[in-house]
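Below is a colleague's note for someone opening this structure for the first time.

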Amino acid sequence: MKFKYTQLSPIILFLASCAGGGGGSSQQITSPPPAPPGPTYEELKAKYESNYEYQQQWGLGLANASAAYARGSTGKNITIGITDSGLDVSHVEIDGTRVNPNSYLSYSNYTPNTRQKRHGTMVASVAAGILSENSDTPMHGVAFDADIFFVAIQLGEPDDTYEPIDLGDGNGGQPDPDFSGVDNFFENLFKVYTSRNIDIVNNSYGYPGNVIDYSEEIIRNAFPKTIAALAQSGVAPADKTIFVWAAGNAGSYADQGVDYSSPEIFPGMTYLIEEIQGHSIAVVSVDEDGSISDFSSRCGVAAAFCIAAPGGRVIGAYPTSLDDPGIYESTDECVSDNSCYARISGTSFAAPFVSGALAVLFEHFEGQLGSTEIVNRLFATANDEGIYSDSAIYGHGLIDLDAATNPMGSLSVSTSGLFSGEMAPLLTSGLTAYSPILGYSILEGLKSKSIIAFDELNSPFRIPLGSLIASSSNGAKRIDATGVYADPTKKSYSKQGLIFEFINSLPLNNKFDDLKHFSSYSDLNQTLNIIDPLKGTFISFGQNNKISYTAYNSAKDYTSFENPYLDFTKHGVLISQKFTWKETDITWVTSLGQPKITIEEIFHDQNINSQISLILSRKNLPQIQLGWLNEKDTILGLGGSGAFNFSENTVSYYLGMHQSFNLSRSLVSVTGFKSYAADNKFNGALLKNIKDLETSFYNFQILIPGLISNYDLELSVTKPLYISRGSLHLELPIYRDRYLNLYTERSALPLNAINSEMITSLTLRQNKQHESFYLRFENIENPNHGNIFKDYINVSLGYKYIF
């Protein structure tokens, strides 16, 4: 590969008249799902940076372009307008399929030759040259997937001496030069772009002359129609075409005493002409070391509308032909297939860096930001540290595509459905499933959806909803923890007719290594029971046992009436009272506490829930349990915060039945529960209501005492509590348009478990006076009611000696 160095700084020599018709465009609002799993951001970024083309075009690295590419933004489907000397679509760096077929590449009175095409082709290649991902070419464009709309105009080479253009003095003395022809031309030229709704137009040309040497009156008098075309009166700021200008190369004439402290006329007049401010950008050039190029004009008085970009000795496509090989020899290989490149310098090539960057930003924000917002974002995210803090030289600083495509400050989510309405911090927004009942169905239902959140510049960033859902119940069980399936240890003693039980359910080993975490978890697994057998009173503090309050007088009854809803008041106080009426045992139970907490959840603050249940038992008839569960700010263990917050109490009603009977020498029991949650409507936030929520639970057990010597055999099949019916309704902010309108999407999420968990266990148990032993095999299908984890088998062995 071979490329050489040249420096071009065109000025307008002759302007060929051209005009173009108008057209319109429309945009469909869509809510794209999150990107499918693939390489990570860091992997993609490293991939782009490893490309030979990226490495050779040093300006891409200086502008942090790889960060934008890794985030999926390359300028695709964005059109960059380019006004320049000509375009060679046959050069290997230019993708002819991405050059708009309606471009003005030649006219009856101007057909650019190879030499005249060079400058425009260089500019186009810097802005939108193709990415080949090989070492055949030494560069690619900033927006390598962008399209090009090109208008060729005749430009001239710069003179050896710097001669500012004479626009007159505007004092009414000598007649001012007549620029009406040029003014008409520029009016028509710029309307070619604005009538086609082209978002960005690159202008790497201009008239010599420091803008500070001209008054607003002089410029307005010379170019009234040009200014009107640039101002785009009657067009919403969001829809205005952005004009990017090379600031000028007046620094090249410093030895002639030329003042290059501010941009030249067209790039600099933005500071004088209020109606073009916000969508006109002047671009100064920096070298590979990041400092201002010697040849470049400075931002000066136009600092508020000016930015710096690479332009010193960058690489550009260099058109050749056998008749005009330019800086090459006609025998060079690259001339034969038009694949030559050159190192080029000038603000002419810094400007397309900015034009390409703008195209990347337009794609990145999915058309949601208007033109003036895009310009403001480019300026606000520029690197203004160190040398770039000198605004007189660098304006807003050096373009930074990493910062521009990354949230600025914290993100917030609209909770009102209005762009200007209430917002909630994204950092504190999310859904947390403290119970496996809802964890998987929520995650599965929302993983394909996304919302938008706004940074401090009101720019939208798409957030996958799956990233806002937390469920520690979706973690794999700790099958490697010794004793995690062991029976709790229990010590008891009697005093004055009362029985006091101290129970510790702490596993013998866990994942925590430090004493603080160990103690915290230990506290959650300790229970004190106070029992009055004569009065039928049971009081429990700490971790309640789902069956102990009905089974304390039946030590070997492994088939007691287990209430799965007590997990929602697991840690707190439980009181039950039993009495008999007409041969019917009636037990009322009241519990107040926090939900069941796993090892991963010990640092979560949880609300206090309450429930009341009534148990009816009569000999030879099924036991019946009626219950009422009140949850504070959660529903079946699902809590929301921030944009998903719902400060409402939710109520569930449940009915359970239990039947035990003897079958031959075996004891068989069947338990089933069904619950219904009252429909809930939530005010504000994204979560609107939950409807028709029903849950189910069942268990089947068979106990064969003394099957092998004095060993009991127990077979159990359990379908843990799961959602059998219900839907979650949300209103999600999915899009904002460039006019600051916010669009929301109503979404109904089915909550019923597609694959509910099933646990089958076989236990061999031996109990003696001072010791107990068991061996248990457990098969778990569809863990946590989902398919995140594979089915698995637990085998546990336990031995306990009581002193």
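1. Of the 803 residues of the protein chain, 53% count as buried. The model is a predicted one, and this should be kept in mind throughout the points that follow. The secondary structure of the chain comes to 17 helices and 36 strands. Among the contacts in the chain with a separation of 6 or more, 70% are accounted for by residues 24 or more positions apart.

2. Strand E14 (residues 430–433) and strand E27 (residues 638–641) pair in the antiparallel sense over four bridges, and Ala-433 has Leu-638 in E27 as its bridge partner.

3. Helix H15 deserves a point of its own. Why can H15 be called largely enclosed by the rest of the structure? Eight of its eleven residues are buried, and the helix is therefore largely enclosed. The buried residues are Ile-437, Leu-438, Gly-439, Tyr-440, Ser-441, Ile-442, Gly-445 and Leu-446. These buried residues of H15 pack against E14, E17, E26 and E27, and also against strand E32 (711–736) and strand E33 (742–750).

4. For the helix pairs, two packed helices are described by the angle between their axes and the distance between the axes. Helix H6 (residues 180–194) and helix H8 (residues 224–231) pack at an angle of about 10 degrees, and their axes are 7 Å apart. Angles under 35 degrees count as roughly parallel, and H6 and H8 are therefore roughly parallel to each other. Their crossing is left-handed. On the side of H6, the residues that meet H8 are Asp-183, Asn-184, Phe-186, Glu-187, Phe-190 and Thr-194, while H8 contributes Pro-224, Lys-225, Thr-226, Ala-229 and Leu-230. By class, this contact of H6 with H8 has five nonpolar, three polar and three charged residues.

5. Another helix pair is formed by helix H5 (residues 114–128) and helix H11 (residues 347–364), whose axes come within 7 Å and cross at roughly 35 degrees. H5 passes H11 in a right-handed crossing. The contact is made by His-119, Met-122, Val-123, Val-126 and Ala-127 of H5, together with Ser-348, Phe-349, Pro-352, Phe-353 and Gly-356 of H11. By class, the contact of H5 with H11 has seven nonpolar and three polar residues, and no charged residues.

6. A run of antiparallel pairing can be followed from strand E20 (residues 526–532) to strand E21 (residues 537–543), which pair over six bridges. Asn-529 has Ser-540 in E21 as its bridge partner. The hairpin of E20 and E21 has four residues between the strands, and in this hairpin Gly-536 takes a positive phi near 70 degrees. E21 is also joined to strand E22 (residues 571–581) by seven bridges, again in the antiparallel sense, with Gln-543 standing opposite His-571 in E22.

7. Glu-133 is found in the loop between H5 and strand E4 (147–152), and its phi is near 55 degrees, a positive value in a residue other than glycine. Gln-232 lies in the loop between H8 and strand E7 (242–246), and for Gln-232, too, phi has a positive value near 55 degrees. Is each of these residues buried or partly exposed? Glu-133 is partly exposed, with a relative accessible area of 46%, whereas Gln-232 is buried, with a relative accessible area of 6%.

Technical notes:
Residues are numbered from 1 along each chain as its sequence is written. This is a predicted model: local features need pLDDT of at least 70, side-chain atom pairs count only at pLDDT 80 or more; totals for chains, interfaces and linings use all residues. Side-chain values use heavy atoms; hydrogens and water are left out. Axes are lines fitted to C-alpha atoms, for helices over the stretch in contact, and angles run from 0 to 180 degrees between N-to-C directions. Helices (H or I, at least four residues) and strands (E, at least two) are DSSP runs, numbered from the N terminus. Angles under 35 degrees count as roughly parallel, over 145 as roughly antiparallel, 65 to 115 as roughly perpendicular and the rest as oblique. A crossing is left-handed if the near helix is turned anticlockwise from the far one by less than a right angle, and right-handed if clockwise. Contact means heavy atoms within 4.5 Å. Ala, Val, Leu, Ile, Met, Phe, Trp, Tyr, Cys and Pro count as nonpolar, Asp, Glu, Lys and Arg as charged, and the others, Gly among them, as polar. Two strands pair if DSSP finds at least two bridges between them. Buried means under 20% relative accessible area, exposed over 50%, partly exposed in between (1.4 Å probe, protein chains only).
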